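Hi,

Here is the structure I promised to pass on.

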Amino acid sequence: MLALVVAGLLLLAVAWQLTPDVDDARDRVDARLAAAAAPPLSGPLPARLSVAVLATEDSHFRNHPGVDPRGVVRAARGALTGVDLGGSTLHQQLAKNLYEDGANGFTDRVSAVVLALKLDRAWSEDEVLRMYLDDAYFGHGFTGATAAAQGYFGVPPGELDWTQAALLAGLLQAPSAYDPVQHPDRAAARQEHVLGRLVDVGALTRAQADEVATAPWGLVAG
């Protein structure tokens, strides 16, 4: 066990030297938004969408240094087997998208861990979350939370209700598969999962989540 720990630390030390600095992370996000002709978030972070995304994608976001120890074992097994078993934090997902072009091989996953640690050191939690929401693809041609909120619902991200926020948060796992315009049944099932996570983290009661699940989405996209 000690030998494995030492080997792991040596691997991280080497990867730290080989991976780039992340001071340009915001510039990379802005470049991706510009390429998609999509606007960045403005003003405060959208409250409901932020809570829904964190509950679903990284519920310990504010309590880890970029890598969640609870997901390390699953991530390590996935890296060895080539099967994604989950465990990636928002920092790791952002790092993979910005610096690894979404690659998912063993070395890419190791690099994503190191880059996630670097992101946590270089940027505040709110800055990382803002970059994540700006960089995320929400399907139907919408890059970033602003384009997604306006495109799907005709409102700015800060005005999303819980129904809409839960729907958008659910798209992040598989934007095309859960597209609410093309696959409303799948989108509804995924939204229900997000609502369950919101109940788990205490953002909603079960009664509130059940009420949200029956509310209309207010889609304007077609």
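Axes here are lines fitted to C-alpha atoms, for helices over the stretch in contact, with angles running from 0 to 180 degrees between N-to-C directions. The crossing of H5 and H7 is left-handed, meaning that the near helix is turned anticlockwise from the far one by less than a right angle (clockwise would be right-handed). On the H5 side the contact (heavy atoms within 4.5 Å) uses Leu90, His91, Gln93, Leu94, Asn97 and Leu98, and H7 brings Val128, Leu129, Met131, Tyr132 and Asp135. Sorted by class, that is seven nonpolar, three polar and one charged residues; Ala, Val, Leu, Ile, Met, Phe, Trp, Tyr, Cys and Pro count as nonpolar, Asp, Glu, Lys and Arg as charged, and the others, Gly among them, as polar.

Before going further, a word on the model: it is predicted, so local features need pLDDT of at least 70 and side-chain atom pairs pLDDT 80 or more, while totals for chains, interfaces and linings use all residues. Numbering runs from 1 along each chain as its sequence is written, and side-chain values use heavy atoms, with hydrogens and water left out.

Overall, the protein has 11 helices and zero strands; helices (H or I, at least four residues) and strands (E, at least two) are DSSP runs, numbered from the N terminus. Of its 222 residues, 45% are buried, i.e. under 20% relative accessible area with a 1.4 Å probe, protein chains only (exposed is over 50%, partly exposed in between).

What encloses H3? Helix H3 (residues 47–57) has eight of its 11 residues buried, so it is largely enclosed by the rest of the structure. Its buried residues, including Leu49, Val53 and Glu57, pack against H5, H7, H8, H9 and H10.

H8 (residues 145–153) and H9 (residues 162–171) also pack together, at about 120° with axes 11 Å apart. This pair is oblique too, and H8 passes H9 in a right-handed crossing. Ala148, Ala149, Tyr152 and Phe153 of H8 meet Gln164, Leu167, Leu168 and Leu171 of H9. That contact has seven nonpolar, one polar and no charged residues.

Cheers

Terms used
Angles under 35 degrees count as roughly parallel, over 145 as roughly antiparallel, 65 to 115 as roughly perpendicular and the rest as oblique.
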